[in-house]
There are 2 protein chains.
Amino acid sequence: MLQETGNLYLAVADDLARMITDGRWRTGDRVPSVRGLATERRVSPTTALAALRALERRGLVEARPKSGYFVRLKLRATAALPVTRPSQRPQPIQIQGRVGAVISASLEPGTIQLGSGLPDPAWFPTDVLERMLRQAVRESPRLLGEYGPLIGLAPLREALSRRYAEFGCTIDPDEFVVTNGCMNALTIALSAVTRPGDVVAIESPAYFGFLLLLETFGLKALEIPTDFRTGLSVEALSAALSAPGGERVRAVLLTSSHSNPTGATLPEESRRALAALAQKHDLAIVEDDIYGELSHAGERPRPIKAFDASQRVITCSSFSKSLAPGARLGWVAGARYADAIRLRHLTTSVASPASAQRAVAEYLDSGRYTRHLQRVRAKCAENVDRVADAVERHFPAGTRMTLPKGGFLLWVVLPAGYDSLELWERARAARVSIMPGHLFSVTGRYRSSLRLNCSLPWTPRVDAALATLGRLAKQSMTAGGKS
Amino acid sequence: MLQETGNLYLAVADDLARMITDGRWRTGDRVPSVRGLATERRVSPTTALAALRALERRGLVEARPKSGYFVRLKLRATAALPVTRPSQRPQPIQIQGRVGAVISASLEPGTIQLGSGLPDPAWFPTDVLERMLRQAVRESPRLLGEYGPLIGLAPLREALSRRYAEFGCTIDPDEFVVTNGCMNALTIALSAVTRPGDVVAIESPAYFGFLLLLETFGLKALEIPTDFRTGLSVEALSAALSAPGGERVRAVLLTSSHSNPTGATLPEESRRALAALAQKHDLAIVEDDIYGELSHAGERPRPIKAFDASQRVITCSSFSKSLAPGARLGWVAGARYADAIRLRHLTTSVASPASAQRAVAEYLDSGRYTRHLQRVRAKCAENVDRVADAVERHFPAGTRMTLPKGGFLLWVVLPAGYDSLELWERARAARVSIMPGHLFSVTGRYRSSLRLNCSLPWTPRVDAALATLGRLAKQSMTAGGKS
């Protein structure tokens with residue numbers, strides 16, 4: 001960041017944000033004054049002020065009249081969320097019936113969509129992309145008449161390779177296959193490394209889209225205990241792999257950073273250990289890195305693939321959360337499975353639209369992406385904090401939640417006995433969608449939890465919707481509710 | 001056609017073409033003079049001449065100086081191609097190893113790609129589409145920032161519904177899901193109606209992409225005897241379904257018109273019988289209709305779906321052979337399986353790029369599509385005829401081939417004992433690609449057959465490539481060759 005003209009203040013802001021998220025500065029602490037900060041960091045007072053304002057926008061500090069800036073972040077009850085304890089037996093999956101109705105409802109027009117997993121469209125530089133796409137089409141109309149290279153246009157694969165290099169991950173442009181978004185990349189990756197009946201280890205709770213994917217391919221799920229800050233327990237996975245039946249686990253499918261729905265990010269030592277486990281047990285890691293670019297502050301985590309000595313980590317992502325959902329551009333880098341992945345892609349998709357690939361490659365090459373990401377990351381931080389605040393204000397006493405350090409999803413745990421499925425039904429009638437927790441587990445656990453989308457532009461209407469949810473939650477206590 | 005201004009000559013040409021393809025006019029017959037035709041058809045002499053010239057471009061008639069036009073079509077040895085007799089036991093599939101290398105080679109730059117299944121990019125109105133795509137992007141930049149309706153934009157689904165209505169097939173716009181091309185549509189359809197281990201009935205020979213798809217989903221293939229003119233034998237299928245084990249057949253996957261590689265088109269009575277069989281045995285028909293718009297002459301066949309009284313026919317297609325391969329726009333209409341199909345699409349792709357959908361909807365609404373198709377159909381007819389002529393001139397005596405009435409693929413059967421896999425290897429060294437026949441069967445049959453792409457612009461270089469193939473074919477006779 002430092003070398004980038006005009007973004008010095010963001011580098012300072014990131015540095016200060018780390019002081020807060022690492023706990024060196026605590027809630028209520030007074031932040032150095034503009035002048036003090038300028039002297040300490042050897043920047044101009046203008047830059048220091050801009051950095052503090054950036055922190056304010058992210059919801060990390062607040063200005064108090066005539067007193068300066070104070071750390072605002074509340075260390076919500078996240079530390080109290082225990083590691084999950086799912087059933088540790090491989091389970092066949094039948095979740096389709098459960099999911100279909102909920103997803104449809106989550107996207108109903110006229111509903112406040114706190115249940116969807118989509119980012120706010122206003123975050124994205126659609127004006128610039130629009131211009132670049134028009135230019136790409138004008139310059140290469142032939143892209144409409146032919147498939148182009150089936151694995152994707154070279155300029156995009158080269159731009160991706162350079163982007164990964166920026167955060168310490170070496171991937172050859174020819175290792176990428178460009179796909180129709182990230183779920184499509186994961187579909188292709190998973191189908192290339194498994195056969196029906198195989199066991200796949202996943203986080204618990206896990207994104208319901210992963211469960212649907214396993215069901216589609218006739219795979220069994222092994223849910224692994226998961227920490228809401230540090231993600232899948234590598235220790236528990238290691239034990240499961242060494243236990244009888246462990247050899248039937250053919251792959252691990254997980255979101256390595258700012259996971260959906262836990263918000264957890266694997267520490268580097270876990271990434272290293274996972275890559276080593278994959279080598280030891282000859283299994284594939286299918287890494288979903290779609291939220292990796294959306295850290296609220298500090299460095300972008302290096303993908304597990306950066307620690308992969310034995311070429312067993314397949315990394316997948318897309319621009320759908322970070323740049324242009326409508327472009328439907330994802331990718332997979334297939335490591336030792338690259339040939340099989342290319343063939344699966346050819347079989348099930350043939351190729352992806354080339355014009356959009358050209359436009360996005362152009363955007364990445366223009367140098368705008370880094371600055372754009374800074375804005376989106378600040379938005380994520382600010383919005384998650386606002387929604388979390390509202391949950392604290394409106395929800396039943398004893399409600400806990402995650403403290404994600406990236407992305408825009410919040411996992412809320414109601415006190416024991418409350419039932420998020422009943423809440424979902426009541427909220428639906430009130431035109432508010434949520435994602436009930438039982439969708440994130442094969443066995444229907446997490447009935448008292450729910451996932452909220454924090455990306456919606458913050459308005460009184462959203463606050464009112466959260467108040468409604470809180471009120472309805474208080475009514476949704478049932479004797480039969482399972483935690 | 002008749003009501004369309006300026007296209008009257010094409011209607012006359014189509015009518016005359018039918019006289020030829022139906023055998024009412026035979027090779028060498030003299031065609032009525034311009035004046036005679038004008039009188040007989042009550043059109044102007046200009047229109048009559050234009051019709052004859054259209055037939056000439058399609059390779060159906062030839063002008064002889066001072067004598068007029070004569071029927072040129074050779075009824076090649078197609079009638080002699082017997083119905084195939086594949087193994088009638090369900091087979092697990094392991095074809096990936098075989099296919100990968102051949103596909104890669106078929107697309108090698110610098111190679112004359114007679115092995116690919118791609119149409120000539122010059123056929124397509126990329127200039128008009130380019131303009132419409134730029135306009136769609138300019139008018140709706142927000143389409144880049146959001147997914148839009150996950151099943152596809154309403155204007156495109158409505159335009160598709162109207163197009164199907166034009167050829168006698170009623171499909172509600174909401175039944176469609178827009179996909180990333182036709183293979184993606186078939187992938188989603190097949191995975192929605194089968195589970196791993198199920199049996200799927202297919203043509204024999206069948207498109208190798210279908211075999212890869214079955215392998216991906218752990219499905220078994222039941223190859224059904226197939227006629228090179230009338231397609232899959234419904235009688236044989238019916239017998240297989242009623243035989244022991246027939247209840248394990250969950251779906252039929254087939255290309256209903258101008259099939260790949262046979263060129264066969266199911267007659268209407270077979271379509272009706274297939275739909276009835278699906279009802280009787282409660283199985284799904286997954287119809288690939290991608291070549292349906294490419295009839296060389298006469299009417300566009302009605303999809304099997306038009307005969308589906310019990311909502312068990314899923315029809316899939318795309319614009320990849322007829323309008324814009326690079327737009328990657330396909331679709332599936334899911335009949336009674338529509339809910340499951342929507343969920344599979346959501347799971348594996350989420351949504352398709354919206355800008356291209358808008359542009360193509362605009363193109364369809366502009367009325368240009370019908371006229372464009374006339375041109376492409378004429379190109380297909382002309383090119384298939386030219387390649388067939390060259391095969392007759394250059395290949396070993398006794399070589400037979402199909403006489404497709406649509407599309408641009410030709411299936412060539414070398415005399416017994418010739419080996420198309422050896423020919424493939426020799427041709428590859430000579431920088432000519434073909435698709436060897438053993439890829440079109442689970443058990444590696446059709447070793448003396450090959451598929452040729454006739455869409456390449458006809459040049460001396462293509463003729464020379466076919467001459468090279470003929471020469472190499474003569475050298476590829478082996479003792480071990482299986483027919």
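Visitor: How many residues does helix α10 of chain B have, and how far does it reach from its first C-alpha to its last?

Guide: This is a predicted model, so everything here is read from computed coordinates. Helix α10 of chain B covers residues 268-281, which makes 14 residues. Its end-to-end reach is 20 Å, close to the 20 Å expected at 1.5 Å a residue.

Visitor: Which residues of α10(B) are buried?

Guide: Take under 20% relative accessible area as the cut-off for buried. In α10(B) the buried residues are B:Ser270, B:Arg271, B:Leu274, B:Ala275, B:Leu277 and B:Ala278. Look down the axis of α10(B) and these buried residues fall within an arc of 155°, so they line one face of the helix.

Visitor: Which exposed residues sit on the face of α10(B) turned away from its buried side?

Guide: That face carries B:Glu269 and B:Lys280, both exposed. As for what covers the buried residues, the cover includes α9 (234-242), β9 (249-255) and β10 (284-288) of chain B.

Visitor: You mentioned β9(B). How many of its residues are buried?

Guide: Six of the seven residues of β9(B) are buried, so to speak a mostly covered strand. For a strand like this, the next step is to find its partners. Strand β5 (residues 199-202) of chain B runs parallel to β9(B), joined by four bridges. Here B:Ile202 stands opposite B:Leu253 in β9(B). Strand β10(B) also runs parallel to β9(B), with five bridges, and B:Val252 stands opposite B:Ile285 in β10(B).

Visitor: Over in chain A, what is the order of strands in the open sheet of four?

Guide: The order is β13-β14-β17-β16 in chain A, with antiparallel pairing. The strands β13 (400-401) and β16 (435-436) stand at the edges with a single partner strand each, so one side of each is left without a neighbour in the sheet. Elsewhere in this sheet, β14 (residues 409-413) and β17 (residues 449-453) of chain A pair in the antiparallel sense over five bridges.

Visitor: Where is B:Ser349 found, and is it buried or exposed?

Guide: For a single residue, start with its element, then its accessibility, then its contacts. B:Ser349 lies in the loop between α11 (338-348) and α12 (354-365) of chain B. With a relative accessible area of 1%, B:Ser349 is buried. Leaving aside neighbours within four places in sequence, B:Ser349 is in contact with A:Asn180, A:Asn184, A:Arg328 and B:Asn184.

Visitor: And is A:Asp339 buried or exposed?

Guide: A:Asp339, in helix α11 (residues 338-348) of chain A, is exposed, with a relative accessible area of 58%. C-alpha to C-alpha, A:Asp339 and A:Ile314 are 12 Å apart in space and 25 residues apart in sequence.

Visitor: Stepping back, how many helices and strands does chain A have?

Guide: Chain A has 15 helices and 17 strands. Its radius of gyration is 22 Å, close to the 23 Å that the globule rule gives for 483 residues, so chain A is as compact as a globular protein of that length. Along the principal axes, its C-alpha atoms fill a box of roughly 65 × 60 × 45 Å. Of the 483 residues, 64% count as buried.

Note on methods:
Residues are numbered from 1 along each chain as its sequence is written. Chains are lettered from A and ligands numbered from 1 in the order in which they are written. This is a predicted model: local features need pLDDT of at least 70, side-chain atom pairs count only at pLDDT 80 or more; totals for chains, interfaces and linings use all residues. Side-chain values use heavy atoms; hydrogens and water are left out. Helices (H or I, at least four residues) and strands (E, at least two) are DSSP runs, numbered from the N terminus. Buried means under 20% relative accessible area, exposed over 50%, partly exposed in between (1.4 Å probe, protein chains only). Contact means heavy atoms within 4.5 Å. Two strands pair if DSSP finds at least two bridges between them. The expected span of a helix is 1.5 Å times one less than its number of residues. The arc is that of the directions from the helix axis to the C-beta atoms. The radius of gyration is taken over C-alpha atoms; the globule rule is 2.2 Å times the number of residues to the power 0.38.
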